[in-house]
Amino acid sequence: EGKRRMPLTQWDFPAHDAQRYGTTLLQSFIPGRRFPFPKSLYAVEDVVRIAVGHNLDAVVLDFFAGSGTTAHAVMRLNRQDGGRRQAIVVTNNEVSAVEAKSLTDRGLRDGDPEWEALGIFEHITRTRITAAVTGLTPDGTAIKGEYKFTDEFAMAEGFEENVEFMKLTYLDPVDVELDRAFAAVAPMLWLRAGGQGSTVAERTDAGGDLLPFAVADRYGVLFDPDRWRDFVAALPADARTVFVVTDSAAVFAGVAESLPADLAVVRLYENYLTTF
């Protein structure tokens with residue numbers, strides 16, 4: 001009608017109040033630490049429920065995790081219906097412009113421990129997710145207050161969830177190709193295999209000897225292709241992915257053909273180097 005006015009909020013439910021259930025709630029978990037405009041935990045929970053409430057094994061990916069609300073909401077949803085949903089949340093570890101200036105004035109630089117400690121991941125995301133799972137604030141005290149709405153219980157109870165924190169970094173491709181960086185590559189193999197169960201973390205055994213192969217709950221790594229028969233016999237029933245370490249495309253093809261047809265077979269380190 002020709003009149004101008006400020007638009008009203010589109011978040012109509014009390015549970016979606018970002019001030020009360022975003023900013024204020026975040027303070028319960030990590031007192032004294034501030035994050036700009038965190039979303040309401042219950043708003044994100046409702047969004048996730050709409051999308052994957054019917055799928056107890058869904059994987060929820062958040063490329064811009066911020067304060068970690070998405071992971072927190074997935075924990076809530078799993079508790080409500082016994083789900084086994086996974087949340088993969090990704091964030092950088094940048095500091096704010098104000099903090100960057102203050103740190104620079106103090107003679108600190110990006111990469112210094114004092115600088116990194118104030119980054120988004122270290123200062124907010126990691127600590128918030130840890131507090132949500134354990135029910136404890138960063139200083140070890142029980143979180144005060146209760147969750148509201150769909151599932152009401154004390155925040156100090158925490159959640160029966162497993163969490164892995166990983167840092168994406170740079171590797172020398174030559175080290176990877178020569179099989180000198182398996183420990184650094186190992187988390188990516190675990191993720192490629194579904195991010196469930198145990199992890200093959202090392203190339204060697206407890207005595208430092210090289211392993212011909214190693215298996216975890218959901219996958220296996222064959223370091224010596226000549227030992228593929230023993231490897232197949234050692235694979236657990238739930239294994240769905242196999243990684244074969246060989247420079248030879250012909251050897252890889254021969255091993256892949258000999259493995260059970262229901263396994264996804266990946267060549268190391270060619271596939272890894274091509275992808276990453």
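Mentor: Gly 220 stands opposite Val 242 in β5. That pair belongs to the parallel pairing of β4 (residues 219-222) with β5 (residues 241-245), which runs over four bridges; two strands count as paired if DSSP finds at least two bridges between them. Strands here are DSSP runs of E with at least two residues, and helices are runs of H or I with at least four, numbered from the N terminus. The model is predicted, so local features need pLDDT of at least 70 and side-chain atom pairs count only at pLDDT 80 or more, while totals for chains, interfaces and linings use all residues. Residues are numbered from 1 along each chain as its sequence is written, and side-chain values use heavy atoms, with hydrogens and water left out.

In general, strands of a sheet pair through backbone hydrogen bonds, either parallel or antiparallel. The open sheet here has four strands in the order β3-β4-β5-β6, with mixed pairing. Because β3 (213-215) and β6 (264-268) stand at the edges with a single partner strand each, one side of each is left without a neighbour in the sheet. From one strand to the next, the twist averages 15°.

Two helices lie across β4, β5 and β6. Helix α8 (residues 182-192) runs at about 140° to β4, and helix α10 (residues 249-258) runs at about 160° to β6. Axes are lines fitted to C-alpha atoms, for helices over the stretch in contact (heavy atoms within 4.5 Å), and angles run from 0 to 180 degrees between N-to-C directions. The chain holds 11 helices and six strands.
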